[in-house]
2 protein chains.
Amino acid sequence: MPTMAEVAALAGVTKMTVSRVLRRPEKVTPDTRARVAEAMAALGYVPNRLAGSLTAGTSGLVAAIVPTLRHSLFADTLEGLSAVLEAAGLGLFVSASGYRTDLEETQIRSILERRPDALVLTGLTHTAAARSLLRNFGLPVVETWETADEPVDMSVGYSNREAAFAMTMELVRSGYRRIVFVNGPAENNERARLRADGVSQAIRQAGLEALPVHVVHDEAAIRPETGGRAIRTLLAGDPAIDAVFFTSDIFAVGAILACREDGIPVPERVGIAGFHDLEIGRVISPTLSTVHVPALEIGRKAGEMIVARLAGHALDTSRHQLGFEIIGRQSTMRSGVARQNPLTADKIPVT
Amino acid sequence: MPTMAEVAALAGVTKMTVSRVLRRPEKVTPDTRARVAEAMAALGYVPNRLAGSLTAGTSGLVAAIVPTLRHSLFADTLEGLSAVLEAAGLGLFVSASGYRTDLEETQIRSILERRPDALVLTGLTHTAAARSLLRNFGLPVVETWETADEPVDMSVGYSNREAAFAMTMELVRSGYRRIVFVNGPAENNERARLRADGVSQAIRQAGLEALPVHVVHDEAAIRPETGGRAIRTLLAGDPAIDAVFFTSDIFAVGAILACREDGIPVPERVGIAGFHDLEIGRVISPTLSTVHVPALEIGRKAGEMIVARLAGHALDTSRHQLGFEIIGRQSTMRSGVARQNPLTADKIPVT
DNA sequence: GCCTCCTATGTTATCGGTATCATAGACTCT
DNA sequence: AGAGTCTATGATACCGATAACATAGGAGGC
């Protein structure tokens, strides 16, 4: 494997000139530049960025930790991030934490050994050790999906509380009166807590009876079947329930399938709403009402924040809140009920 | 940022001893080891792997290039890859090429600068320059999804020809006689060519009339609408067509939706089959017959091959062919037609 | 008790670049 | 023509680790 020294020797110059040809070509005579380029081509020279980064003190690498890649939300975020980073000449290093914060901490540690220029995390739930490690490191960090009151550094997301509030209001507006929210466990999970908050606030504001949140526990295995089981349990326990709002489209789709099997008409007998706006919600019948979340945009924005920070730009955007959108579809669209237009994020009252 | 030298000074030893504590602890007295560990903790020392890699000559990094992350297939492959690599202490570097081989070449070049220990590519379609660059570099390379006759190095995938053949046979078995295959452009695309081959071979073997392949051109924008348009065009042009086999579930789902809108009964009037076994095919009504492809397994296997190679193990598994599965669902299940059980990969005649 | 061998640790050189400062020659200006 | 200023290139040191060899001290054998 040829090194810069060999290229230099062949071109009859020193390493330094070769280095300049690569990173400051305008500082080198066109003539020399050509000779060096020729030598590089002849030897098939590929610069060693490991060595370069060592002196330069910047690796050109951005690391991202997501819970899993098998969820289109996170994949979308990474795609958005990747596009922005690529355009800025930065590389993307990816880790999947499997929703485990302890594992995340280990991963952060091993990631820091590679001296990334920035780190993108998913969610706000990190171990105390991880938080202090990152703070001490002084590395640009973007926490995504949830927006923090006290982020480690920067954050991009949307308001889970407002989104859950808005979707619940949409159910109310569609004529549903006995609404249950199906959520993941709220301990240690800011997102679940905020959504539950938003729902209960909407129920209160609408003057309806607050029903207990139905908690499903196998969050890591987010599968349709879980939603199916949940709705069966709920309707068996309280037949007067007329709408179920799931914290994920995956569950909601499972619920629709279960209702279809059981002959329970959706949206007439029971309205069903989801969260995330996944593709499956668009093709299922009835189509699924849901909250569109800005997955791709979160990634893009995270990338832009990082690029700006690395360029030494202002930090005034260190907390960014993006919009969501309430998508009203068939699964909550009772005929005969007068409805207003679906809400969009900017019409939502800030709570 | 503390360096190894500072840790050494604080612990009253030399850098070399600190280095040993990190990578060969058994070579160091428990006593010294403890003192060094204490010093590392006190300083908040995080080793610099950039520097380590430079001397050690191995970066512990595996790079993967996928067309996009927004397709669950590739995300699944990366997830499988990531899991195996993580277990082996390797990191994952990801690039999205956007289906453009010229961009891929640029990315390969910039990836090589980071001196990864191995590279995972998607597909076999690479520029000549990229191929020779990789060959010269002598880096372990795994080409995924399509299995090559002459891979750059290693490859993992499944047989697109056999899969397309099997699905077509399944349509024949279900009683369809006038079958059209909807494919992407086959020029410069091994995968599309192999699938078309498989279909036409099955048609021939069944003694049916070979209809021209319907080619959709906007492959990069794989969207349901494209499939809807395709089936409308086809049925308008030749009303006797009784089954359409799409090269992607996305298209097939669009076709089902279009048929639903147009009042064309599926599977009675027309059978519809897809490829990939995406989640949407499971929830749409009628459920979609499709070919299950081993996305996650491809990633895992690629990871295993890399780990084995880096460990210096045998190379006898440099080409690996995984199985696929024919999933017969409602969209091709005409009532009244006697059918055998769905085929699985190992029952498929090798063609 | 002396020699050998092993073990824990130290010394030195090096990995492949880049930052920094030095220098020679060309060019401008008076 | 001489002094000052640029410009292109070179020389040197260093980034933060590890490999390879060196060495001191203790254990074991006779």
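Helices (H or I, at least four residues) and strands (E, at least two residues) are DSSP runs, numbered from the N terminus. The model shown is predicted, so local features need pLDDT of at least 70 and side-chain atom pairs count only at pLDDT 80 or more, while totals for chains, interfaces and linings use all residues. Residues are numbered from 1 along each chain as its sequence is written, and chains are lettered from A and ligands numbered from 1 in the order in which they are written.

**View 1. Chain B superposed on chain A.** A rotation of 180 degrees, with 0.0 Å of shift along its axis, brings chain B onto chain A with an RMSD of 0.1 Å. The two copies are thus related as by a two-fold rotation axis. Copies are superposed by least squares on the C-alpha atoms of residues with pLDDT of at least 70 in both.

**View 2. The side of chain B that touches chain A.** In this interface, 36 residues of chain B are in contact with 36 residues of chain A; two residues are in contact if their C-beta atoms, placed from the backbone, lie within 7 Å. Two or more residues on the chain B side come from each of helix H4 (49-56), helix H5 (72-87), strand E2 (91-96), helix H11 (249-262) and helix H12 (280-283) of chain B. H5(B) gives the most, with six residues. Sorted by class, this side of chain B has 18 nonpolar, 10 polar and eight charged residues. Here Ala, Val, Leu, Ile, Met, Phe, Trp, Tyr, Cys and Pro count as nonpolar, Asp, Glu, Lys and Arg as charged, and the others, Gly among them, as polar. Because 100% of the interface residues of chain B are also interface residues in chain A, the copies meet through the same surface.

**View 3. Strand E2 of chain A beside E2(B).** Three bridges join E2 (residues 91-96) of chain A to E2(B), and the two strands run antiparallel. Two strands pair if DSSP finds at least two bridges between them. The bridge partner of Val94(A) in E2(B) is Leu92(B).

**View 4. The surface near DNA strand D.** A residue is near a molecule or strand if its C-beta atom, placed from the backbone, lies within 6 Å of it. There are 24 residues around DNA strand D, of which Thr32(A), Thr3(B), Met4(B), Ser19(B) and Ala51(B) come nearest.

**View 5. The surface near DNA strand C.** DNA strand C also has 24 residues around it, and Met4(A), Ser19(A), Ala51(A), Thr55(A) and Thr32(B) come nearest. H2 and H4 of chain A, together with H2 and H4 of chain B, each supply at least two residues. By class, the surface has 11 nonpolar, 10 polar and three charged residues.

**View 6. The open sheet of chain A.** Four strands lie in the order E7-E6-E8-E9 (chain A), with parallel pairing. The edge strands, which pair on one side only, are E7 (214-215) and E9 (271-273) of chain A. E8 (residues 243-246) of chain A is joined to E9(A) by three bridges, and Phe245(A) stands opposite Ala273(A) in E9(A). Helix H8 (residues 160-173) of chain A packs on the sheet, where it touches strand E6 (179-183), E8 and E9 of chain A; its direction makes about 160 degrees with that of E8(A). Axes are lines fitted to C-alpha atoms, for helices over the stretch in contact, and angles run from 0 to 180 degrees between N-to-C directions.

View 7. Trp145(B) lies in strand E4 (residues 141-146) of chain B, and it is buried, with 25 other C-beta atoms within 10 Å. His276(B) lies in the loop between strand E9 (271-273) and H12 of chain B. His276(B) is buried, with 22 other C-beta atoms within 10 Å. A residue is buried if 20 or more other C-beta atoms lie within 10 Å of its own, exposed if 12 or fewer, and partly exposed in between; C-beta atoms are placed from the backbone.

**View 8. The cis peptide bond between Ser285(A) and Pro286(A).** Omega is about -5 degrees for this bond. Pro286(A) is found in the loop between helix H12 (280-283) and strand E10 (290-292) of chain A. In chain B, the peptide bond from Ser285(B) to Pro286(B) is cis, with omega near 0 degrees.
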